[in-house]
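Hi everyone, thanks for making time for this. I'd like to walk you through one model, helix by helix, and then stop at a few single residues.

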Amino acid sequence: MELLRHLEDRGYPAEYLLSRIRGRRSRLIVDWRPLIYEAAPMDYLASARYQGFVRDRSPEGVWRSLLREYRWVYSQMNHALREIFGHFFLYTELRTIFICLRHLKDQNAGKVEDLLGDSLLSAEVAGILSTSEDIPSAVQGIERAFLTLSERFGGLSSALEAEGLRGVEQRLTNTYLAVTAGIGLHPLMKTFFARLIDSRNIMSVYKHLRLEKRTAPAFIPGGMIPEAKLGTVIEKGDLFAVNSLVRDFSGVKVEAPDPTKVETALYKGMTRFLKKEGREPFGAGPILDYLWKCSLEVMNLSVLFYGKDLEREAVTAELV
């Protein structure tokens, strides 16, 4: 079963896409400080000051704008580039699946159709999400679809029974990362997924120590940080040791073991890595850097939307 939508390969050379991306990248938000103090920051998106790809002024509308931008980039890629970036795009579509499952749970079929209209998910996967009568049947269908990638995706239905949709989301995401890290990828994509895995493993260590759980977390294989090193931090039982782990991995200093600060530092570490890769004039680096910057733009806009009634300092701390 194909998991991504089939789009016509127009045969554009990579240089054409890189040229288009350079122009679109120049229209992304660079300075977030003025928006933090906007009375209605989402109105900024409809103003002449904003030239980027987001036009909708709701949290889900912002996410749909990201899907449309990703779909545009994918449609401009030739076959060779789609081979390199296919696993990235499927990874980003996991969130589409999760949002659709939540809408299905809330019986919002119309929102499922709207979201899938902008998605890169294949017609087969979209059909599962749009025609399933309930959550168990939808999860069973998603499990069957991903089993075509690897037998390791088995057990999603069991996760639903034991832990609900949150358990399904965690199992599908972690399995996808582990499976993807174990296959032959373009060197940049291999490093990107390894860093994603490291970030999730660090957060697992942090949550384990903060919540004082008795059972050690199951780490996702395929990262660059040895599991023994993560285990040593857990054995010490020192929450502040996570700060050193984050600093060594991301290059970002964390003053206190606060969940927002730890997560933001990990995002900043990935951003620094991709910014460096994006300086290369050709190749996959500038494309992946742009796709990541687009995701950060949407994430930061969502923070501004949900944090409109919070203290500005608290909102600033969550922006990447």
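Predicted model: local features only at pLDDT ≥ 70, side-chain atom pairs only at ≥ 80, totals over all residues.

Residues are numbered from 1 along each chain as its sequence is written, and side-chain values use heavy atoms, with hydrogens and water left out.

The helix names need a word too: helices (H or I, at least four residues) and strands (E, at least two) are DSSP runs, numbered from the N terminus.

Let's start with helix packing. Two packed helices are described by the angle between their axes and the distance between the axes. Here, axes are lines fitted to C-alpha atoms, for helices over the stretch in contact, and angles run from 0 to 180 degrees between N-to-C directions.

The opening pair is α6, residues 123–131, and α7, residues 135–147: their axes come within 8 Å and cross at roughly 165°. That makes α6 roughly antiparallel to α7; angles over 145 degrees count as roughly antiparallel, under 35 as roughly parallel, 65 to 115 as roughly perpendicular and the rest as oblique. The α6 and α7 crossing is right-handed, meaning that the near helix is turned clockwise from the far one by less than a right angle, with anticlockwise giving left-handed.

Which residues of α6 and α7 meet? From α6 we have Val125, Ile128 and Leu129, and from α7 Ala138, Gly141, Ile142 and Ala145, where contact means heavy atoms within 4.5 Å. The residues of this α6 and α7 contact divide into six nonpolar, one polar and no charged.

Staying with α6, its buried residues are Val125, Ala126, Ile128 and Leu129. They sit on the same side of α6, because they cover an arc of only 155° around the axis, taken from the directions from the helix axis to the C-beta atoms. On the other side of α6, Ala123 and Thr131 are exposed. Buried means under 20% relative accessible area, exposed over 50%, and partly exposed in between, with a 1.4 Å probe and protein chains only. The cover over the buried residues of α6 includes α4 (79–105), α5 (109–117) and α7.

Next, α7 also packs on α8, at an angle of about 30° with the axes 11 Å apart. The crossing of α7 and α8 is left-handed. On the α7 side, the residues in contact include Ile135, Pro136 and Val139, and on the α8 side they include Leu156, Leu160 and Tyr176. The residues of the α7 and α8 contact divide into 11 nonpolar, two polar and one charged.

While we are in α8, which spans residues 156–181, look at Glu169. Glu169 counts as buried, because its relative accessibility is 17%. Leaving aside neighbours within four places in sequence, Glu169 is in contact with Phe98 and Arg102.

Another pair is α9 and α11 (residues 241–250), packed at about 170° with axes 10 Å apart. That makes α9 roughly antiparallel to α11. One of the α9 residues meeting α11 is Ser199, buried at 13% relative accessibility. Not counting residues up to four places away in sequence, Ser199 touches Phe249 and Leu266.

Arg24, in helix α1 (residues 14–25), is buried at 19% relative accessibility. What does Arg24 contact, leaving aside its neighbours within four places in sequence? The partners are Glu69, Trp72 and Tyr290. Arg24 and Tyr290 are 266 residues apart in sequence and 8.7 Å apart in space, C-alpha to C-alpha.

Finally, two loop positions. Most residues other than glycine have a negative phi. Gln107, in the loop between α4 and α5, has a positive phi near 60° and is exposed at 73% relative accessibility. Glu212, in the loop between α9 and α10 (227–236), has a positive phi near 55° and is exposed, with a relative accessible area of 68%.

That's my tour, and I'm happy to take questions.

Methods. Nonpolar A, V, L, I, M, F, W, Y, C, P; charged D, E, K, R; others polar.
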